[in-house]
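I opened the notebook to keep a record of what I looked up, helix by helix and contact by contact. The entries follow in the order in which I made them.

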Amino acid sequence: MSNSVYSEIHFHITWHTKFSLPIINERIEDRLYRYLTHKILETPGARLHAISGIETHVHIGVSLQ
């Protein structure tokens, strides 16, 4: 039996605006993505794969170790 164990969980997170209102416009999109990226990267064990979306929601691909 191995003396070490490794696990990794992959998530596809979909974050929607309230009532799915189309409020993620070009004016706030870059700031929102930078904020979410920063929060994920400062989380121990988190690895961001991708972040993108449209006016009503954001998709985030992330792994946790």
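I began with helix 1, residues 26-41, whose 16 residues reach 23 Å from the first C-alpha to the last, close to the 22 Å expected at 1.5 Å a residue. The expected span is 1.5 Å times one less than the number of residues, and helices here are DSSP runs of H or I with at least four residues, strands being runs of E with at least two, both numbered from the N terminus.

I noted that this is a predicted model, in which local features need pLDDT of at least 70 and side-chain atom pairs count only at pLDDT 80 or more, while totals for chains, interfaces and linings use all residues. Residues are numbered from 1 along each chain as its sequence is written, and side-chain values use heavy atoms, with hydrogens and water left out.

Next I asked which residues of helix 1 are buried. I found L32, Y33, L36 and I40, where buried means under 20% relative accessible area, exposed over 50% and partly exposed in between, with a 1.4 Å probe and protein chains only. Seen down the axis of helix 1, these buried residues fall within an arc of 100 degrees, so they line one face of the helix; the arc is taken over the directions from the helix axis to the C-beta atoms. Their cover includes strand 1 (9-16), strand 2 (46-53) and strand 3 (57-64). On the face turned away from the buried side I listed the exposed residues R27, R31, R34 and L41.

At the N-terminal end of helix 1 I found N25 as the cap, with a side-chain oxygen 3.0 Å from the backbone nitrogen of R27.

I then looked up salt bridges, each defined as a side-chain nitrogen of Lys or Arg within 4 Å of a carboxyl oxygen of Asp or Glu, and the count comes to 2. One joins the side chains of R34 and D30 at 3.0 Å, N to O; being 4 residues apart in helix 1, R34 and D30 are separated by about one helical turn. R34 counts as exposed at 52% relative accessibility, whereas D30 is partly exposed at 47%. K39 and E42 also meet through their side chains in a salt bridge, at 3.3 Å, N to O, and I recorded K39 as partly exposed at 37% and E42 as partly exposed at 45%.

Last, I turned to H16, which is found in strand 1 and is partly exposed, with a relative accessible area of 42%. Leaving aside residues up to four places away in sequence, H16 touches T56 and H57, a contact meaning heavy atoms within 4.5 Å.

Conventions:
A polar contact is a pair of N or O atoms within 3.5 Å; within protein, one must be able to donate a hydrogen and the other to accept it, and residues adjacent in sequence count only if both atoms are side-chain atoms.
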